[in-house]
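Work through the exercises below with the sequence and the coordinates open. Each one sets a task and is followed by a solution in steps.

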Amino acid sequence: MFCRNCGSEVAEQAVVCVTCGCSPRNGKNYCQNCGAETNPAAEVCLKCGVKLTVAAKAGDKSKLAAGLLGIFLGGLGIHRFYLGYVGIGIAQIIVTLITFGIGGIWGFIEGIMILTGVIDKDAKGMPLRE
């Protein structure tokens with residue numbers, strides 16, 4: 001795999017290019033498959049024919065808001081409703097009621113997971129805004 005920003009070869013699981021310091025998927029200047037220079041507006045590499053990756057844009061849901069809702073109101077599933085997971089939100093309310101509040105730990109833990117980045121997407125698959 002090659003960095004889309006500088007064209008340097010990077011490991012497949014790399015989150016930062018050691019040459020330029022950017023996320024390897026964030027640039028638009030080089031092909032991620034062959035490392036050839038590309039037109040920033042191109043959708044396909046002219047050298048190898050691979051579809052060029054596009055960096056994921058952040059969604060409209062806030063990571064901080066979702067995490068704090070999970071920590072303080074997690075037993076009511078409010079953070080899940082906020083992220084668009086209505087079914088899981090309803091399940092969290094039911095579990096909290098059946099366990100007389102002890103099930104609220106589930107939402108508290110998820111709030112921490114959201115703030116640490118373990119849960120990082122909303123129900124539409126969009127990344128959470130920082």
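This is a predicted model: local features need pLDDT of at least 70, side-chain atom pairs count only at pLDDT 80 or more; totals for chains, interfaces and linings use all residues.

**Exercise 1. Find the salt bridges in the structure and state where the partners of each one lie.**

Step 1. A search of the whole structure returns two salt bridges.

Step 2. One joins the side chains of Lys63 and Glu130, with an N to O distance of 3.8 Å. The cut-off is 4 Å, so this pair qualifies. Lys63 belongs to helix H1 (residues 63–73), while Glu130 sits in the segment after helix H4 (104–116); the two are 67 residues apart and link distant parts of the chain.

Step 3. The other pairs Glu110 with Arg80, whose closest N and O atoms are 2.8 Å apart. This pair also links distant parts of the chain, 30 residues apart, with Glu110 in helix H4 and Arg80 in helix H2 (residues 78–83).

Step 4. As background, side chains of opposite charge can pair when their charged atoms come close.

**Exercise 2. Describe how H1 packs against H4.**

Step 1. The axes of H1 and H4 are 6 Å apart, and the packing angle is about 160 degrees.

Step 2. Because of this angle, H1 is roughly antiparallel to H4; the class begins over 145 degrees.

Step 3. The crossing of H1 past H4 is left-handed.

Step 4. On the H1 side the contact uses Lys63, Leu64, Ala66, Gly67, Gly70 and Ile71; on the H4 side it uses Gly107, Phe108, Gly111, Ile112, Ile114 and Leu115. Sorted by class, these are seven nonpolar, four polar and one charged residues.

Step 5. Apart from neighbours within four places in sequence, Lys63 contacts Ile114, Leu115, Gly117, Leu128, Arg129 and Glu130. This list includes Glu130, the salt-bridge partner of Lys63.

**Exercise 3. Describe how H3 packs against H4, and state which residues make the contact.**

Step 1. The axes of H3 and H4 approach within 8 Å and cross at roughly 135 degrees.

Step 2. At that angle H3 is oblique to H4.

Step 3. H3 contributes Ile88, Ala91, Gln92, Val95 and Thr96, and H4 contributes Gly104, Trp106, Gly107 and Glu110. The classes are four nonpolar, four polar and one charged.

**Exercise 4. Where is Gln92, and which residues does Gln92 touch?**

Step 1. Gln92 lies in helix H3 (residues 86–98).

Step 2. With a relative accessibility of 1%, Gln92 is buried.

Step 3. Leaving out residues up to four places away in sequence, Gln92 touches Gly74, Gly75, Gly77, His79, Arg80, Trp106, Gly107 and Glu110. Arg80 and Glu110, both in that list, form a salt bridge with each other.

**Exercise 5. What is the phi of Phe100, and where does Phe100 lie?**

Step 1. Phe100 has a positive phi of about 55 degrees, although it is not a glycine. Most residues other than glycine have a negative phi.

Step 2. Phe100 lies in the loop between H3 and H4. A relative accessible area of 78% makes Phe100 exposed.

**Exercise 6. Locate Val18 and relate Val18 to Ser8.**

Step 1. Val18 is in the segment before H1 and, at 80% relative accessibility, is exposed.

Step 2. Val18 and Ser8 are 10 residues apart in sequence, with a C-alpha to C-alpha distance of 8.7 Å.

Definitions and conventions
Residues are numbered from 1 along each chain as its sequence is written. Side-chain values use heavy atoms; hydrogens and water are left out. Helices (H or I, at least four residues) and strands (E, at least two) are DSSP runs, numbered from the N terminus. Axes are lines fitted to C-alpha atoms, for helices over the stretch in contact, and angles run from 0 to 180 degrees between N-to-C directions. Angles under 35 degrees count as roughly parallel, over 145 as roughly antiparallel, 65 to 115 as roughly perpendicular and the rest as oblique. A crossing is left-handed if the near helix is turned anticlockwise from the far one by less than a right angle, and right-handed if clockwise. Contact means heavy atoms within 4.5 Å. Ala, Val, Leu, Ile, Met, Phe, Trp, Tyr, Cys and Pro count as nonpolar, Asp, Glu, Lys and Arg as charged, and the others, Gly among them, as polar. Buried means under 20% relative accessible area, exposed over 50%, partly exposed in between (1.4 Å probe, protein chains only).
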